[in-house]
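Good morning, and thank you for coming.

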Amino acid sequence: MDDIHSLRDILQRCRRIAVVGLSANWYRPSYFAAKYMQDHGYRIIPVNPGYDEVLGEPCYPDLASIPEPVDMVDVFRRSEEVSALVDAAVASGASVLWMQLGVCNRAAAERATSAGLQVVMDRCVKIEHGRLFGGLNWMGVNTGVISARRPLGTVS
């Protein structure tokens, strides 16, 4: 899923994000992407068996341990590990399976789509949020979104 309208819809609708593979180390991409989303009003639910807490939130060992439904499962794991997450993502109540930059698993994406999930592959949730809701263009980055106005219903 690469079109601007679908990505914008996902980021407006999905407010509870389970981040699989979230590190507690500030210098890791998973940490600063999740911190950015948390700072922009998203509820981050860390999933990593190595921690008890990340970003001030309780950390769960796996998706099945999360006691509430999630809107999106954001995957910071190796591509070959995504297949094992599809069933758990469906069971978690998620409507979106988001695979971060460099994470591509077409078979897992097809299974997730067949189960009713929207799938985003090889994209960073932080970059897409900044690109679509006005964060990157202030730094001189060409976002590829041409508009004289911000879209209605933007998330800040």
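Let me begin with a convention: an angle under 35 degrees between two directions counts as roughly parallel. Please keep in mind that what you see is a predicted model.

I turn to a pair of helices. Helix 3, residues 83–91, packs with helix 4, residues 106–114, at an angle of about 15°, and their axes are 9 Å apart. Helix 3 and helix 4 are therefore roughly parallel to each other. Their crossing is right-handed.

Which residues make this contact? Helix 3 contributes Ser83, Val86 and Asp87, while helix 4 contributes Ala108, Arg111 and Ala112.

In general, strands of a sheet pair through backbone hydrogen bonds, and the pairing is either parallel or antiparallel. In this model, five strands form an open sheet in the order 2-1-5-6-7, and the pairing is parallel. Strand 2 (43–47) and strand 7 (118–120) are the edge strands, each of which pairs on one side only. On average, and ignoring direction, neighbouring strands of the sheet are turned by 20° against each other.

Consider one of these pairings in detail. Strand 1, residues 16–20, runs parallel to strand 2 and is joined to strand 2 by five bridges. Arg16, for instance, has Arg43 in strand 2 as its bridge partner.

Finally, what packs on the sheet? Helix 1, residues 4–13, does so, touching strand 5 (72–75), strand 6 (96–99) and strand 7. The direction of helix 1 makes about 110° with that of strand 6.

Key: Residues numbered from 1 in each chain as written. Predicted model: local features only at pLDDT ≥ 70, side-chain atom pairs only at ≥ 80, totals over all residues. Heavy atoms only, no water. Axes fitted to C-alpha atoms, helices over the stretch in contact; angles between N-to-C directions. Helix = DSSP H or I, 4+ residues; strand = E, 2+ residues; numbered from the N terminus. Parallel < 35°, antiparallel > 145°, perpendicular 65-115°, else oblique. Left-handed = near helix turned anticlockwise from the far one by under 90°. Contact = heavy atoms within 4.5 Å. Pairing = 2+ DSSP bridges.
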